[in-house]
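Trainee: I am new to this one. Can we go through it together, one residue or element at a time?

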Amino acid sequence: MTVNLDAAYWLGLVTSVVLPVLVGLVTTRVTSAGTKAVLLLALSTVNGFVVEYAGPHDAGYSVGTAAVLALVSFGTGVLAHFGLWKPTGLSGKAQDSLVTSGSHAASA
């Protein structure tokens with residue numbers, strides 16, 4: 001059995017793994033977990049629809065395929081967060097990296 005995936009699908013998979021770090025960059029430690037999950041879901045949905053748009057289409061664009069890709073992206077992002085980024089501490093470092101001077105004043 002041969003698996004042949006277009007570059008768009010591989011890029012979408014890599015993006016799915018990196019999305020939790022991106023969520024960490026644009027949120028703070030006090031942002032609720034629910035808000036972070038919704039943001040990850042939104043970014044995963046965008047990723048799924050963009051990958052379907054960029055991928056090769058013999059039968060044309062498929063919203064159903066885009067929705068499946070979005071779910072796979074979200075699942076991959078959640079697994080990457082809890083299995084890779086959180087245990088290594090990168091999630092926390094990402095959230096601390098974009099701390100602005102305003103947030104320092106608020107926490108001081």
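This is a predicted model: local features need pLDDT of at least 70, side-chain atom pairs count only at pLDDT 80 or more; totals for chains, interfaces and linings use all residues.

Trainee: Is Asn47 buried or exposed?

Mentor: Look at its relative accessible area, which is 10%. The cut-off for buried is under 20%. So Asn47 counts as buried.

Trainee: Which side chain makes a polar contact with the side chain of Asn47?

Mentor: Start with what Asn47 touches beyond four places in sequence: Gly12, Thr15, Ser16, Leu19 and Ser73. One of these is joined to Asn47 through a side-chain polar contact of 3.2 Å. That partner is Ser16.

Trainee: Now Val17. Is it buried, partly exposed or exposed?

Mentor: Val17 lies in helix 1. The relative accessible area of Val17 is 25%, so Val17 is partly exposed.

Trainee: How far apart in space are Val17 and Ala80, C-alpha to C-alpha?

Mentor: In sequence, 63 residues separate Val17 and Ala80. Yet Val17 touches Ala80, along with Thr76, Leu84 and Trp85, leaving out residues up to four places away. From C-alpha to C-alpha, Val17 and Ala80 are 5.6 Å apart.

Trainee: At roughly what angle do helix 1 and helix 4 cross?

Mentor: Helix 1 spans residues 7-26, and helix 4 spans residues 90-97. Their axes come within 6 Å. The crossing is right-handed. The angle is roughly 35 degrees.

Trainee: How many residues in the contact of helix 1 with helix 4 are charged?

Mentor: Helix 1 brings Val21, Gly24 and Leu25. Helix 4 brings Leu90, Ala94, Gln95 and Ser97. Four of these residues are nonpolar and three are polar.

Trainee: What arc do the buried residues of helix 4 cover around its axis?

Mentor: The buried ones are Ser91, Gly92, Ala94 and Gln95. They lie on the same side of helix 4, because their arc is only 160 degrees.

Trainee: Last one. What share of the protein's residues is buried?

Mentor: The protein has five helices and zero strands. Its chain holds 108 residues. The buried share is 26%.

Conventions
Residues are numbered from 1 along each chain as its sequence is written. Side-chain values use heavy atoms; hydrogens and water are left out. Buried means under 20% relative accessible area, exposed over 50%, partly exposed in between (1.4 Å probe, protein chains only). A polar contact is a pair of N or O atoms within 3.5 Å; within protein, one must be able to donate a hydrogen and the other to accept it, and residues adjacent in sequence count only if both atoms are side-chain atoms. Contact means heavy atoms within 4.5 Å. Axes are lines fitted to C-alpha atoms, for helices over the stretch in contact, and angles run from 0 to 180 degrees between N-to-C directions. Helices (H or I, at least four residues) and strands (E, at least two) are DSSP runs, numbered from the N terminus. A crossing is left-handed if the near helix is turned anticlockwise from the far one by less than a right angle, and right-handed if clockwise. Ala, Val, Leu, Ile, Met, Phe, Trp, Tyr, Cys and Pro count as nonpolar, Asp, Glu, Lys and Arg as charged, and the others, Gly among them, as polar. The arc is that of the directions from the helix axis to the C-beta atoms.
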